[in-house]
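Subject: the structure we talked about

Hi,

Here is the structure I promised to pass on. Have a look at it first, then read my notes below.

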Amino acid sequence: MMDYPEHDFLISQRRIRQSPHIRSLARQVHVQVEKLIQPLFVVESLQQRESIPGLTDVYRDTSDSLIRQVESDLERGVKSFLLFGVPEAKSPHLAKTDFLARKIHSLKSRFGADIFLSVDVCLCSTTPHGHCGILNDSLDHVDNGSTVIALAEAARDYAQAGADCVAPSDMMDHRIQAIRDVLDHHKLDRTLIMSYSAKFHSAFYGPFRVAADSAPKGNLKLTDRATYQIDPAHPRDARVSSERDAVEGADILMVKPGLPYLDVLAELSKEIPLPWAVYEVSGEFASVELLAREGLMNRARGHVELWTGFMRAGASMIITYGARHARDWLKESE
Ligand code: PBG
């Protein structure tokens, strides 16, 4: 660092903070609604949309309310979405894709290139036990090989239905290669793959599992996802899977959750030159909502501060349940 005369250096710090204009000019990162991706949940055979505990203004949508929700999000400047489907019928052996494929088709027929539609690829909402894959015969392990085949078929179905991007969140080994191969085989070479490449075994997924009906359930030997998601104390494991996913053909990599793993995002986004997404997960979003509801935090500033941290750490895009409020919150926290 340069050797500034001490008093001069201190005074210049205050000059650069003295008005909204100069603060904005001096900023290194700018959060904009164009950088945000709004998750959506669509639930089969639901009569009326349902709210989700902890996630204000996020819903388990019906097929009709989903379309209206996207219309209203577009009016608020949101153009990118991450869609989760919850089918009624579940299967322990294969991915049930028809319901979600139909929803993708209707969204893309209605909104076309006005939206960028990413679709989550996982089995947790489609298996009766809630695990992200197919269990082995003794029901004590998620089988990698058969799960990867099912995931690749699901990705193909969603891409054929019109998804712009498929986003596998299961954490099986080598699913990116399998998905890229199947997409190429079906001439779906323009479909992007956003890999949840650094997804940790987190306690912050609670509200999501209610929304997606995907918590491990039933009388299982396998009660959590520790055997396939990354151990929070093992960041090198995230590097291995991110490097592998990049080599196997992912277009976008991801760190998830965001706040507890900013170090991972900062380090890996410097080293692997692909666009990085960060998923501000349901429990992170709900934390700010709960603090704000208790009068303990300014809601807009809380959310924008988290988003700013993600951008500073190297994210190109942020998946957040608050995208549809971003314009208001950004203005409020200026
Ligand atoms: C699993 C999946 C999870 C999320 C998205 N896809 C978590 C999990 O149940 O392990 C979490 C998102 C959130 O909490 O907002 N396929």
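A word on naming before anything else: helices (H or I, at least four residues) and strands (E, at least two) are DSSP runs, numbered from the N terminus. Bear in mind that this is a predicted model, where local features need pLDDT of at least 70, side-chain atom pairs count only at pLDDT 80 or more, and totals for chains, interfaces and linings use all residues. Residues are numbered from 1 along each chain as its sequence is written, and side-chain values use heavy atoms, with hydrogens and water left out.

**Helix α5**

Helix α5 covers residues 144–161, and its 18 residues reach 26 Å from first C-alpha to last, close to the 26 Å expected at 1.5 Å a residue. (The expected span is 1.5 Å times one less than the number of residues.) Just after α5, G162 has a positive phi of about 120°. Among the buried residues of α5 are V148, L151, D157 and Y158; buried means under 20% relative accessible area, exposed over 50%, and partly exposed in between (1.4 Å probe, protein chains only). Their cover includes α4 (98–111), β5 (116–121), β6 (165–168) and α6 (175–185).

The loop between β5 and α5 holds D140, which is partly exposed at a relative accessible area of 37%. Its side chain makes a polar contact of 2.8 Å with that of N136. By polar contact I mean a pair of N or O atoms within 3.5 Å; within protein, one must be able to donate a hydrogen and the other to accept it, and residues adjacent in sequence count only if both atoms are side-chain atoms. Leaving aside neighbours within four places in sequence, D140 is in contact (heavy atoms within 4.5 Å) with K221 and L222.

**Helix α11**

Helix α11 (residues 299–312) has 14 residues and reaches 20 Å between its first and last C-alpha atoms, close to the 20 Å expected. At its start, a side-chain oxygen of N298 comes to within 3.2 Å of the backbone nitrogen of A300. Buried residues in α11 include A300, H303, W307 and F310, and β1 (36–43), α9 (262–271) and α10 (282–293) are among the elements covering the buried set. After the helix comes G314, with a positive phi near 120°.

**Helix α3 and T62**

T62 sits in the loop between β3 (55–61) and α3 (63–75) and is buried, with a relative accessible area of 9%. Not counting residues up to four places away in sequence, T62 touches V42, V43, L46, Q47, Q48 and R49. In α3 itself, the buried residues are S65, L66, I67, Q69, V70 and D73, and they pack against β1, β3, β4 (80–86) and α4.

**The ligand**

R209, Q229, K256, S282 and Y321 come nearest of the 17 residues around the ligand, where near means a heavy atom within 4 Å. A polar side-chain atom of R209 lies 2.7 Å from a ligand oxygen, and one of K256 is 3.4 Å from a ligand nitrogen. At S282, a polar backbone atom is 2.7 Å from an oxygen atom of the ligand. The protein covers 100% of the 400 Å² of accessible area that the ligand has on its own (Shrake-Rupley method, 1.4 Å probe; for residues, only the protein chains shown count as cover).

Cheers
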